Amino acid sequence: MSKSAAKRAPLSTKHVRKGYYKGKGATKEGTFRGKAGRFVIDKERQVQLVIPDLTGFKLKPYIAKAVSKWAPEETRAI
């Protein structure tokens, strides 16, 4: 890899100095408090999922095992 290409490569922990923490892209939902480092969850930072009401919804959540993996031959274009 050339030097200019290496500059554009994603930054990893192997290419930086001590103390760099890349993380996984997740949000922090709390903080560490006290000498023991107990984790305190902050309710303002927690992820809130908005789930719609599915009463009367006609589709089923799973696919039956009897359904074939491939489309019928007459509709399948090869």
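**View 1. Strand 1 and strand 2 make a hairpin in which 4 residues lie between the two strands, and Gly 34 in the turn has a positive phi of about 75°.** The model is a predicted one, in which local features need pLDDT of at least 70 and side-chain atom pairs count only at pLDDT 80 or more, whereas totals for chains, interfaces and linings use all residues. Residues are numbered from 1 along each chain as its sequence is written, and side-chain values use heavy atoms, with hydrogens and water left out. Strand 1 and strand 2 (residues 38-41) run antiparallel and are joined by 4 bridges, two strands being taken as paired if DSSP finds at least two bridges between them. Thr 31 has Val 40 of strand 2 as its bridge partner. Strands (E, at least two residues) and helices (H or I, at least four) are DSSP runs, numbered from the N terminus.

**View 2. Asp 42 and Arg 45 form a salt bridge, with their closest N and O atoms 3.9 Å apart.** The structure holds 1 salt bridge, the term meaning a side-chain nitrogen of Lys or Arg within 4 Å of a carboxyl oxygen of Asp or Glu. Asp 42 counts as partly exposed at 32% relative accessibility, and Arg 45 counts as partly exposed at 39%; buried means under 20% relative accessible area, exposed over 50%, and partly exposed in between (1.4 Å probe, protein chains only).

**View 3. Tyr 20 is placed in the loop between helix 1 (3-8) and strand 1 (30-33).** Its neighbours within four places in sequence left aside, Tyr 20 is in contact with Leu 11, Ser 12 and Thr 13, where contact means heavy atoms within 4.5 Å. Tyr 20 counts as partly exposed, at 36% relative accessibility.
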